[in-house]
Amino acid sequence: MMKDEIKNELLNDIIPFWNNLRDDEFGGWYGLVDSNLKLDKKGEKGVILHSRILWFYSNAYMALKDPKLLDNAKHAYEFLTEKCYDKEYGGVYWSMNYDGTVLDDMKHSYCQAFFIYALSSYYRASGDKNALKIAYEVMDLVEKHHADNVAYKEKLSRDWTKELANDELSENGLMADKTMNTTLHLMEAYTELYLADHNPKVLERLKFQLDVSYDKIYDKKNHKLFVFFDKDLNEIGNVHSYGHDIEATWLTDRALDVIGDEEYAKKFREMDKDIVANIAKVAYDKESGSLLNEVDKGIVNRQRVWWVQAESVVGFLNAYQRKYGGKEYLEIAENIWNYIKNNIVDKREGGEWIWDLNDKGELDPARNVVDPWKCPYHNGRMCLEAIRRLEEIG
């Protein structure tokens, strides 16, 4: 039942919605649809958005074998490599204008991570060796310019020489030099790159990212992840992001699966088990069957955000499969899916998923349906992961 519903959501809602946003005049995808489902064909085209679209269509093709999906992946790949890739200094820009000209030319390690992630998947889907070549070129730039002996610097100038204020990945009134979010998604990207080619240098840096996550980012006392840091990875602020925690558990487990060293994996598996248990305790709202957003300085943000719900379905399915808990985790995954289909899936004609709802179930009219951060990555990936995992569970 749940598997069939999710497959239907993927095939008849998410994929058709994004197919309709393909821009065949200027390349890539239209980058802005507001909360009233009004398309702005001259909206900003985020590079993260396009990398995530490339990842989505590549993986949807590998799962579903529909040639139209691979054609869309190729379309996204061409826009990214022809328009978003800096031919002079290397790496990808942050954002583009609607016509493919550069809007913001800074180099962010988070943005490079998703480009690597996407090209690694596109290589696996298409066999295009140039995609893998470019992915390695960008990885080398990240390691040369962003990596230090602590973790990874985040926002740099176009020519990689100057560190800039990290506005894009800082929130809650903070200005963070380093973030859990960037480390997590670099790990995700390097996992995909290692899966594509099993290169020892990728493995070495992937283990570095995992070790940083366990040694510095994981709060072992409270079984959660710190979020924002100074240059030396000292925590700043007091934020607990529920969605990132549950997402991190299954992404870490996937990285460990790809590495294939269970002795190395032991302490990380215990970490993931404890984080999931904590999220089930402090963030899961039994009454609504949904996950709350975060807590900042002791104040709980009770928004029901689309990506938090999506990652929770995968995270709790993963925890059930790995026997981190019993059937209660499978039930939580099912309950959150029911919340998604009844509340987050947009029932309006031409809609996809809304951004979020408040505790009263009210839509925020300021939140877009498509923008540089709103794409088919979290919900599309949830569908692909859930279908596969529910088939395995039987």
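Reader: How many disulfides does a search of the whole structure find?
Author: Take a disulfide to be a pair of cysteine sulfur atoms within 2.5 Å. With that rule, the search of the whole structure gives zero disulfides. Cys111, for instance, is in no disulfide, and its nearest cysteine sulfur, that of Cys84, is 8.3 Å away. Cys375 is in no disulfide either; for this residue the nearest cysteine sulfur is that of Cys111, 12 Å away.

Before we go on, a word on the ground rules. This is a predicted model, where local features need pLDDT of at least 70 and side-chain atom pairs count only at pLDDT 80 or more, while totals for chains, interfaces and linings use all residues. Residues are numbered from 1 along each chain as its sequence is written, and side-chain values use heavy atoms, with hydrogens and water left out.

Reader: Is Cys111 buried or exposed?
Author: The scale is relative accessible area: buried is under 20%, exposed is over 50%, and partly exposed is in between, with a 1.4 Å probe and protein chains only. Cys111 has 1% relative accessibility, so this residue counts as buried. Cys375 is buried too, at 0%.

Reader: Let us turn to charges. How many salt bridges does a search of the whole structure find?
Author: The general idea is that side chains of opposite charge can pair when their charged atoms come close. The rule used is a side-chain nitrogen of Lys or Arg within 4 Å of a carboxyl oxygen of Asp or Glu. Across the whole structure, the search finds 37 salt bridges.

One of them joins Glu5 and Lys341, whose closest N and O atoms are 2.9 Å apart. This pair links distant parts of the chain, with Glu5 in helix α1 (residues 2–19) and Lys341 in helix α11 (residues 327–344), 336 residues apart. Helices here are DSSP runs of H or I with at least four residues, strands are runs of E with at least two, and both are numbered from the N terminus. Lys341 is partly exposed, at 24% relative accessible area.

Reader: Which residues are linked with Asp253 in a network of salt bridges?
Author: The network links Asp253, Asp257, Glu262, Arg269 and Arg322. Within this group, Asp253 and Arg269 meet at 2.9 Å, N to O.

As for accessibility, Asp253 is buried at 0%, Arg269 is buried at 11%, and Arg322 is partly exposed at 28%.

Reader: How many cavities of 30 Å³ or more are there?
Author: On a 1 Å grid over the protein atoms alone, a cavity is a set of points where a 1.4 Å probe fits but cannot get out, and lining residues have an atom within 4 Å of a point. Grid points are joined across faces, edges and corners, and the volume is the space filled by probe spheres set on the points. The count comes to two cavities of 30 Å³ or more.

The largest cavity has a volume of about 90 Å³. Its lining includes Met180, Leu184, Ser213, Thr252 and Asp272. At least two lining residues come from each of α6 (180–197), α7 (200–217), α8 (242–259) and α9 (262–282). The second largest cavity holds about 40 Å³, and its lining residues are Glu44, Gly46, Ile48, Trp94, Pro372 and Trp373.

Reader: Finally, what is the order of the strands in the open sheet of three?
Author: Two strands pair if DSSP finds at least two bridges between them. The order is β1-β2-β3, with antiparallel pairing. β1 (45–46) and β3 (102–104) are at the edges with a single partner strand each, so one side of each has no neighbour in the sheet. Strand β2 (residues 95–96) pairs with β3 over two bridges, and Met96 has Val102 of β3 as its bridge partner.

How values were computed
1 Å grid on protein atoms, 1.4 Å probe; cavity = no way out; pocket = protein on both sides within 12 Å on 5 of 7 lines; lining within 4 Å.
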